[in-house]
Amino acid sequence: MAARLLGHEVSELCIGKPALRSLSVSAATVADALSALKRSDERHVSVWSCQHSWGKAKAAAAAAAATNGGEINVEDSCKCVGKVCMVDIICFLSKEENLSNPGIALQSPVSVLISKGSGFVKHLEPNASLSDAIDLILEGAQNLVIPLRTRKKFIHKPLSSSTIHNNREYCWLTQEDILRYLFNHIGLIGPAPNHPIESLNMIDKDNFFMVRYDDPAASALAGVIAKSLAKQTSVAVVDEEGRVMGEISPSTLNSCDESVALAIATLSIGDLMAYIDYGGPPEELLRLVRKRLEERNMEASLELMDDESGFSSSSSANGSSSDEESSVGSGRSGRFGRYSTRVVRWSEGTVCHPWSSLVAVMIQALSRRVSYVWVVDEDGSLTGIVTSTGVLRVFRERLSYMVKAETDHNSNL
């Protein structure tokens with residue numbers, strides 16, 4: 001059973017996923033990315049590098065290969081080089097040199113938003129195995145791009161030309177997708193999910209991001225939000241005793257608009273938490289941001305605040321099972337420029353304890369749609385973090401051990 005589970009094709013996890021809409025890395029600007037995100041219900045837009053000067057013979061061969069389920073060499077045609085979300089734009093605009101003239105900054109090429117990390121995005125064919133996908137994630141890949149399969153008996157009508165590459169449409173395969181799939185088969189891997197995370201050596205006590213509640217947001221978050229986004233984690237906010245007071249999460253910022261860059265540049269961490277809490281910034285904080293920008297002679301940046309934009313309207317359609325379970329990282333629903341009337345603390349982090357079981361932590365992460373859970377001791381002091389990558393490593397090791405045991409058992413029969 002373990003071998004069969006690891007051997008499942010990744011295409012099974014992509015059923016029903018929407019096709020990626022895309023931007024050209026050579027032609028699109030930051031403003032184009034911002035416009036695409038505001039027009040879409042998706043939280044990310046993919047960025048592609050395409051070579052379309054093939055000639056008719058090669059293009060026909062590629063089309064035939066795609067139709068027959070064969071592989072296309074993405075190095076020779078179109079390749080996804082990254083994805084962009086609102087957090088990337090917010091981090092870019094919050095830099096001093098860009099805040100001074102956001103109009104010019106928005107005309108920068110979209111490539112300035114793309115991570116330069118090697119192997120950040122990986123392509124996989126739909127017949128690749130689940131173990132292949134897990135191994136790529138454990139090796140550092142954060143984004144897996146999978147071609148969508150179409151049923152030959154039906155005529156497939158693409159969403160638009162912006163979704164077609166190599167004569168195929170693609171989707172993201174995320175850590176959350178894989179964890180949900182494994183969770184549905186959790187009974188196959190024995191007692192390990194019921195063990196405390198501490199006994200499974202899953203708590204990372206060194207590699208996490210933390211800021212103080214009263215730190216200036218501009219200096220405390222400089223580069224940290226981008227790093228936490230790349231690692232698919234968050235930034236913990238603690239008091240003087242190290243107790244967790246909340247977090248500044250890329251998932252939360254992803255539900256904001258670009259004007260949050262002004263709040264990051266002018267407010268403290270505590271005020272920033274209040275700015276993004278409860279679905280929209282209080283009027284007094286909006287006035288404070290405006291005043292401080294004017295004091296710094298940065299009136300040009302106020303155009304970001306004057307645009308019609310704002311927090312998303314609700315988190316009810318983001319996968320949370322109830323109002324009480326709504327939390328940071330639950331994603332976006334609704335459109336920009338509309339505020340939530342529900343009392344939800346967007347900056348409230350998801351926490352567990354060293355003695356929490358693996359299955360309990362997975363339930364927390366999956367229900368809140370986050371890829372990490374903070375670990376605190378009895379008095380609420382931050383001691384570490386459990387990440388989706390750590391959970392996948394435990395599953396991979398456990399399933400590999402079971403496959404070996406099954407193989408040894410069959411060879412002895």
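Me: What makes β5 count as mostly covered?
Reply: Five of the five residues of β5 are buried. Buried means under 20% relative accessible area, while exposed means over 50% and partly exposed lies in between, with a 1.4 Å probe and protein chains only. From β5, N143, V145 and P147 point one way, L144 and I146 point the other way, and all are buried. A word on the source: this is a predicted model, where local features need pLDDT of at least 70 and side-chain atom pairs count only at pLDDT 80 or more, though totals for chains, interfaces and linings use all residues. Residues are numbered from 1 along each chain as its sequence is written, and side-chain values use heavy atoms, with hydrogens and water left out.

Me: How do you know which strands β5 pairs with?
Reply: Two strands pair if DSSP finds at least two bridges between them. Helices (H or I, at least four residues) and strands (E, at least two) are themselves DSSP runs, numbered from the N terminus. Strand β5, residues 143-147, has four bridges to β6 in the antiparallel sense, and three bridges join it to β4, running parallel. You can find V145 across from W172 in β6, L144 opposite L173 in β6, and V121 opposite N143 in β5.

Me: Why are β4 and β6 called edge strands?
Reply: The open sheet has three strands in the order β4-β5-β6, with mixed pairing. β4 (121-123) and β6 (170-173) each have a single partner strand, so one side of each lacks a neighbour in the sheet. Neighbouring strands here are turned by 30 degrees against each other on average, direction ignored. For such angles, axes are lines fitted to C-alpha atoms (for helices, over the stretch in contact), and the scale runs from 0 to 180 degrees between N-to-C directions.

Me: What makes the unit of β4, helix α7 and β5 right-handed?
Reply: A crossover is right-handed if, with the strands pointing away from the viewer, the path from the first strand over the helix to the second runs clockwise. The path from β4 over α7 (residues 130-138) to β5 makes a right-handed β-α-β unit.

Me: How do you know that the buried residues of α2 lie on the same side?
Reply: In helix α2 (residues 30-39), the buried ones are V30, A33, L34, A36 and L37. They cover an arc of only 165 degrees around the axis, which puts them on the same side of α2. That arc is taken from the directions between the helix axis and the C-beta atoms. An α-helix has 3.6 residues a turn, so residues three or four places apart point the same way. The buried residues of α2 pack against β1, β2, β3, α4 (86-93) and α6 (102-105).

Me: Why is M202 called buried?
Reply: The relative accessible area of M202 is 6%, which is under 20%, so M202 is buried. M202 lies in the loop between α8 (175-183) and β7 (209-212). Contact means heavy atoms within 4.5 Å; leaving aside neighbours within four places in sequence, M202 has contacts including I197, L358 and V394.
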